[in-house]
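Reader: I am new to this structure and would like to learn how to read some of its features. Could you take me through them slowly?

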Amino acid sequence: MLIGEAGVGKSTLLGALMNQPVTAEATSTIMADTKCLKCQWKRCGTGDNVQWYDITEEDEIKELAVLVKQVMNTGSHSLLKNLKEAIAVNMFNPEDQPLPRLCASSTSISFQDETREVFSKIVADTRSLVGAPLEATEDQYLNLWNCGGQRVFLDVLPAFLTSHTIFLLMFDASKDLQGRVDGVWNQRGISTSLETLNISRQDLMVQWMSCIYASLSNKAEIFHKAQHSQDEATVPPFPRIVIIETHGDKIDAQKKNGITSKLRPEYDGKPFSDLILDTLILDSSKSGSEEDPAITTLKQIVKDFILNALCIPTPIAWVLFRKLLTKLTKSRPIVTLYNVATISRVCSIEDTAVLSVLRFYHELGVFLHYADIEKLEEVVIAQPEWLVKHLGTILAPKESGKDSLGPREAWRLLREKGILVEALYQVVWKTFDVECEVKPQAFADLLEHCFLIGKIIQGPFSSVPRNYGKMYFIPCVLPICPDDVMATPHVDAVLTAAPLHFRFSSKCVPPGFFVRLAAVLSTTRGFSIDFQIPIYSNRITFQFGDNGGNGRIDDVIISETKFSIRVDIARVFYCSNVDGYNFPLTCRLILKLLLGAAHELYKWFPCIEIRPEFQCKCPKGPSPHFAVFSTEAESSTTLRCEFKTPAMPTAEQQLWMTIPSTVDKEGVLYQIEIEQLLKDLNGEAFHQLSKTLEMDPETISDNIVSLCQWSCKMGSLARSHLVYHLRRIGRFDLAKKIDIGHYPKYAEGTIKHM
């Protein structure tokens, strides 16, 4: 899998691997290009002559014939795993053998006939080679994914990562490692500048290493342990990463060494450092007949990785199944599970083993089968590139010209607000002109399964035509937030909590995590996206709480930074009866919901540990560094920074922290109590009270709002503190009323605290 920023030269590298000449009229890859390649090794004197090229039908038959002949030469079929595989091998015996009969199924007769015809041809062609002199080779077959480098594609691609992979992680060595990543779109050699990402090339490289480790290491470990006993199990030999520095022809030897030495400290000692096989610097001007020595080295690395890590004993019946399914689906990208069952029976595979076969090839990127998605569980996507291109049509930048498909207003909603409407993806689906049982809704279900979209229950725009159908929030298509907007404080905030940072054990935010978290939050009860203000793919404002339909109560702003996902909460008052909500309890509820949303993403990032932290300002560490607090301990009242320095949390930080069990949770004040208290206080008494509460009387414009703000900030300590300060100004009568709860706590139309 080739990954890296846009314009780095991934397609050029692929051409170099296949000995194709460099072309100046390159076009940016939309989402990903997939190929099935053959790596042919020929001995040439003391070295090897390596050729990579697109696999042909003749190659497929020859590979199968070699495998069959190797097994037949064992005599007693000692290498066969079961009788079914022995039957499959006997099909290819040069002596005429009857073909297996098809079992009855709901498959159409025409597909059965087509399957039998194609199967007979494969068997006949293989039989003709089995009887001829045929030597085993070291040829290898690769499924190669050349991934688009635009930001939106980087967010989506984790959904297609598999552990049985070698990743070629690429960056442009001629550009500054500390410089920001520039978005670019190439169309027939003409480059169009897109937005600049708020991240350096070096940090993007580290993010991708972290993402590969977080997404795949757990899957690889499970698979590896299943193949070995507990005593034998070691670190999984896959996935692995080769770092590729392109455009080495533009820099001198001294700078080449400097780039490698600068990058190494960024991953040395990190959990993902064991995944890195090597670092190569390529001359991007060489291709065709003149091969860069680094390309030769890369081919050898790939060969060794396959032989040492990815050689998995595979039943010949499974190999035959793959070839037959591939042949039958050249003109149909999707095939039903019923038809797959027909193919498996022809190949002598038990019905109970079909799902195992599909899982095996899904992990290798050959076919895609989503057994846990209702509308896709009954089909197999035999051509992954079809699904990838379909997805790319929706996600491609507008420079690609894809916006000419479907309603113009639907594209505007997608680009400006991140709203994907049903009418748009139905139109895109139809353009692929595929006759199958899969409906367009399956496309949305797949994106929802990958946490890339969240369904919008209530439409944010009354102007959206009803015939647009369902609406989904897809944040990855939105633009990047400018730096000046990212740093702007909330202008309507009356109460704020200290910024909370979700940090990762990998020390950086994995690509695709933020947009998935935003999609999950968009469907979380209590959260709704504020579409009235600009939203971005790395900064989104949610409204939290419901003031009886009269306006929002709190704004929750999540934003992606270099080191963390930052969460800001601002209380906004739009009418008088919202002040009864207790702000500290609201902050803790939001924290609980955020952790729950992050937990849902563990399926895609299983090796990532997420911790809520505050930015620490102690002098012992660099800026920024962070301090951790416990979300579990009832008595958690202290912070501890990365440099082991303990600290007492500020009042704004305490809003997030768990209430100690000794505190009376009924100690909060209610709005109706405050209103009744102020009726009993004259102006001079309130002036005295505000001073003892350390409120500036000169800045108070509304006594009720000001005292409610103070109450929200104090949380469960508000009642006891107010009693104490009323006594200080000599109002013992009112202090007694507050202390014993003499004032009514509820009134009709009044909101209780949370």
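Predicted model: local features only at pLDDT ≥ 70, side-chain atom pairs only at ≥ 80, totals over all residues.

Reader: What is the angle between the planes of Tyr425 and Tyr472?

Author: A pair of aromatic rings is described by the distance of the centres and the angle of the planes. For Tyr425 and Tyr472 the centres are 6.3 Å apart and the planes stand at 55 degrees, so the pair is tilted (under 30 degrees counts as stacked, over 60 as edge-to-face and the rest as tilted). Because Tyr425 lies in helix α14 (residues 422-431) and Tyr472 in strand β14, the pair ties together parts that are 47 residues apart in sequence; helices (H or I, at least four residues) and strands (E, at least two) are DSSP runs, numbered from the N terminus.

Reader: Which strands does the sheet with β14 contain, and in what order?

Author: The open sheet has 3 strands in the order β12-β14-β13, with antiparallel pairing, where two strands pair if DSSP finds at least two bridges between them. Its edge strands, β12 (419-421) and β13 (454-455), each pair on one side only. Between β12 and β14 (residues 471-473) there are 3 bridges, and Ile419 has Phe473 in β14 as its bridge partner.

Reader: How do α12 and α15 cross?

Author: Two packed helices are described by the angle between their axes and the distance between the axes. The axes of α12 (residues 384-395) and α15 (residues 441-449) come within 12 Å and cross at roughly 85 degrees; axes are lines fitted to C-alpha atoms, for helices over the stretch in contact, and angles run from 0 to 180 degrees between N-to-C directions. The helix α12 is therefore roughly perpendicular to α15 (under 35 degrees counts as roughly parallel, over 145 as roughly antiparallel, 65 to 115 as roughly perpendicular and the rest as oblique).

Reader: Which residues make the contact of α12 with α15?

Author: Leu387, His390, Leu391 and Ile394 of α12 meet Phe443, Leu446 and Leu447 of α15, contact meaning heavy atoms within 4.5 Å.

Note on methods:
Residues numbered from 1 in each chain as written. Heavy atoms only, no water. Phe/Tyr/Trp six-rings, centres within 6.5 Å; stacked < 30°, edge-to-face > 60°.
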